[in-house]
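Please find below a note on the model you passed along. It is set out as numbered points and goes from the whole chain to single residues.

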Amino acid sequence: MNPIVRLFRSRIYTALILLVFILLIGVFGYRFISEYSWVDALYMTVITMTTVGFGEVTPLDNESKIFTIFLILASVIIVGYALSIITEYILSKNDFEGLKYKKMQKKIDGFKDHVVICGYGRNGKQAARKLEAHNKSYVVIEKDKEVEERLQYDDVPYVIGNANEDETLLLAGVDRASNFITALPSDADNLFVVLSTRQLNSSINIISRASQESSYKKLKFAGANNVILPDKIGGDHMASLVVVPGLMEFIDNLAIVGNANINIEEVAVEKLFNTNSKATRTIKDLDLRKKTGCTVIGYKDENGEYTVNPEAELHLAPNSKIIVLGRPEQIEVLNSEYDIELEE
């Protein structure tokens, strides 16, 4: 909790305690000094503290008048203090919200090559968790104000606004981002957001969610690099658990991202060889199995084409990548051997 808010709340609690304390003194004072009933004592205390000017229940004697004078003076001070604290808190609450948003926006403005996630529903939240596990900076765009409390609880950088508006996208830094994930429930909304994002950043990698297969080509045409159909993937996965259950269980246990349990890593060829060398290199030349224990299971060439289980004599072209498989400790040796760091 913000220290200033915590201070205000402690002062409010103090003011309330003082009000209750002076109220009890007034009730017990009138009950035993003026011999009023409990109801009359409470009535006299309230009208005295609030200074509304109503008459006494019965005429007061000298002792009761002296007690009333002290009660009025104490009440004026305590009630005045309580009203000032509560009023200041109410008036300042909007300022706290403004400061909070400014602090959040300042943090987002410092991001570069980050990921923008549009929508913090089931898919958006899962994407955020994966990115956080991979220490990748990200910003969430959410239109629903009611989701803000959940975003704050999860300590997620966010922008509240409509992703269909360019201003909201720019606040999330889409012009500086490297990737954009739109996980809105409506395909029409995803389509519009993809168009806007591609217009603001021509080089950004856009990944869009789609509910209907008919939306796939439209989203690709609008500028999405990848279109994911969660329902189709889920159905394929469940069917695979029936057809090849052992294999799927093995795949489910492979960790692609995480702090200490990564099993698969994608590495740029330039990280593995001296970039100044013009000699042609092959997977065999790497000898990763001997050096790190990792096994090369895939190759992505400079055009983005994948080769599964590449041959040892495959020539590694510039700007290409290899995909390696290993136990977490072997991946750690690989990262240490070639000074590979996770993206921040």
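1. Basis. This is a predicted model, in which local features need pLDDT of at least 70, side-chain atom pairs count only at pLDDT 80 or more, and totals for chains, interfaces and linings use all residues. Residues are numbered from 1 along each chain as its sequence is written, and side-chain values use heavy atoms, with hydrogens and water left out.

2. Whole chain. The chain has 14 helices and 12 strands; helices (H or I, at least four residues) and strands (E, at least two) are DSSP runs, numbered from the N terminus. Of its 344 residues, 37% count as buried. Buried stands for under 20% relative accessible area, exposed for over 50%, and partly exposed for values in between (1.4 Å probe, protein chains only). The accessible surface is about 21,100 Å², and carbon and sulfur atoms hold 57% of that area. These areas come from the Shrake-Rupley method with a 1.4 Å probe; for residues, only the protein chains shown count as cover. Among contacts (heavy atoms within 4.5 Å) between residues at least 6 apart in sequence, 58% join residues at least 24 apart.

3. The parallel sheet. Six strands make an open sheet in the order β3-β2-β1-β4-β5-β6, and the pairing is parallel. Its edge strands are β3 and β6, each of which pairs on one side only. On average, neighbouring strands are turned by 15 degrees against each other, direction ignored. Pairing here requires that DSSP finds at least two bridges between the two strands.

4. β1 and β4 are joined in the parallel sense over 4 bridges, with Cys118 opposite Thr182 in β4. Another 4 bridges link β4 to β5, again parallel, and Phe180 has Ile206 of β5 as its bridge partner. Between β5 and β6 there are 3 bridges, also parallel; Ile207 stands opposite Asn226 in β6.

5. Helices on that sheet. Helix α4 (residues 122-133) packs on the sheet and touches β1 (115-118), β2 (138-142), β4 (179-182) and β5, its direction making about 160 degrees with that of β1. Helix α8 lies across β5 and β6 and runs at about 150 degrees to β6. Axes are lines fitted to C-alpha atoms, for helices over the stretch in contact, and angles run from 0 to 180 degrees between N-to-C directions.

6. Helix α8. Which residues of α8 (residues 215-222) are buried? They are Ser215, Leu219 and Ala222. These residues sit on the same side of α8 because they cover an arc of only 60 degrees around the axis, the arc being that of the directions from the helix axis to the C-beta atoms. They pack against α7 (187-200), β5 (205-209) and β6 (226-228). Lys217 and Phe221 are exposed, on the face of α8 turned away from its buried side. After α8 comes Gly223, with a positive phi near 130 degrees.

7. Nonpolar cores. A nonpolar core is a set of buried Ala, Val, Leu, Ile, Met, Phe, Trp, Tyr and Cys residues joined through side-chain atoms within 4.5 Å. The largest has 38 residues, and those with the most contacts inside it are Ile117, Tyr120, Tyr138, Val140, Leu151 and Phe180. Elements giving it two or more residues are α3 (62-109), β1, α4, β2, β3, β4, α7 and α8. Leaving aside neighbours within four places in sequence, the contacts of Ile117 include Ala127, Leu131, Tyr138, Val140 and Ile181. Another core, of 18 residues, lies apart from the largest one and has Leu288, Tyr299, Leu334 and Ile340 among its members.

8. The antiparallel sheet. Four strands form an open sheet in the order β7-β12-β9-β10, with antiparallel pairing. β7 (264-268) and β10 stand at the edges with a single partner strand each, so one side of each has no neighbour in the sheet. Neighbouring strands are turned by 25 degrees against each other on average, direction ignored. Strand β9 (residues 295-300) pairs with β10 over 3 antiparallel bridges, and Gly298 has Val308 in β10 as its bridge partner.

9. Positive phi outside glycine. Asp155 has a positive phi near 55 degrees and lies in the loop between α5 (148-153) and β3 (158-160). Asp155 is exposed, at 62% relative accessible area. Asn309 has a positive phi near 50 degrees, in the loop between β10 (306-308) and β11 (315-316). Asn309 also counts as exposed, with 59% relative accessibility.
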